[in-house]
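Morning, everyone. Let me put the model up, and then we can walk through it.

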Amino acid sequence: MASPSDKWIKEYNDAIKIADDINGMISGKGSLPSSGPETQRHASAIRRKITILGTRLDGLQSLLSKPTGKPLTDKEMNRRKDMVTNLRSKSNQMASAFNMSNFANRDSLLGPETKPDTMSRTIGLDNSGLIGLQRQLMKEQDEGLEKLEETLISTKHIALAVSEELDLHTTLIDDLGQHVDVTDSHLQRVQKNMGILNKHINGGWSCMCMPLAVIGIVVLLVLIYLLIKYL
């Protein structure tokens, strides 16, 4: 089992790693858009890391104020206190830099901010107060994210309704096209039948006209014969 001293060193190294992660995330924030869901998720992750780092630092401070096991020398105790103080100062600087850059883009995303300036809210606060303020800021921006999410969900529902309406109109147009095709087919069939009927009628008149023509010729010949005979 690790000694209390080893435990403190391990906790401190973990806190250093979290601080490095925060610094890298803040540096990478510049490559993201000024607003949008991805940017907000990134900002939320930074806030949580800062809060976790503050909790770790409180734990390190508590271990120093209530030492267990083999007592530390005054020199080692002071060195570790300085290590915690320096890391907490770095944490506060990163939190201030993050809050300043984050709140600079807040108006474009959620509208004008009516609350007091973030930096002015840190005046007169000790380390514990700064951690509390950071948690409050995280809560406020999480609420802003929830509002943004509600807006996105509402927009999604509107888009789905429009899509369903377009699908309905497309179906109606397809049905109308099918009815037109069926009507055109019926019309072509009727035209074909009319052509056949017309052909039959014309053929019938031709058959009737031929006997009449023969009779007319015979009558004409008879009249000519009678005229010649009696004249």
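The partners are Trp 8 and Tyr 12, and they are stacked (planes under 30 degrees apart; over 60 is edge-to-face, the rest tilted). Centre to centre, that is 5.5 Å, with 5 degrees between the planes.

Before going on: this is a predicted model, where local features need pLDDT of at least 70, side-chain atom pairs count only at pLDDT 80 or more, and totals for chains, interfaces and linings use all residues. Residues are numbered from 1 along each chain as its sequence is written, and side-chain values use heavy atoms, without hydrogens and water.

Back to the pair. Both residues sit in helix α1 (residues 4–28), 4 residues apart, about one turn. Helices here are DSSP runs of H or I, at least four residues, numbered from the N terminus. Trp 8 is buried at 2% relative accessibility. Tyr 12 is buried too, at 14%. Buried means under 20% relative accessible area, exposed over 50%, partly exposed in between, with a 1.4 Å probe and protein chains only.

Now Leu 63, in helix α2 (residues 37–65). Leu 63 is partly exposed, because its relative accessibility is 32%. Its C-alpha lies 9.5 Å from that of Lys 7, 56 residues away along the chain.

Definitions and conventions
Helix = DSSP H or I, 4+ residues; strand = E, 2+ residues; numbered from the N terminus. Phe/Tyr/Trp six-rings, centres within 6.5 Å; stacked < 30°, edge-to-face > 60°.
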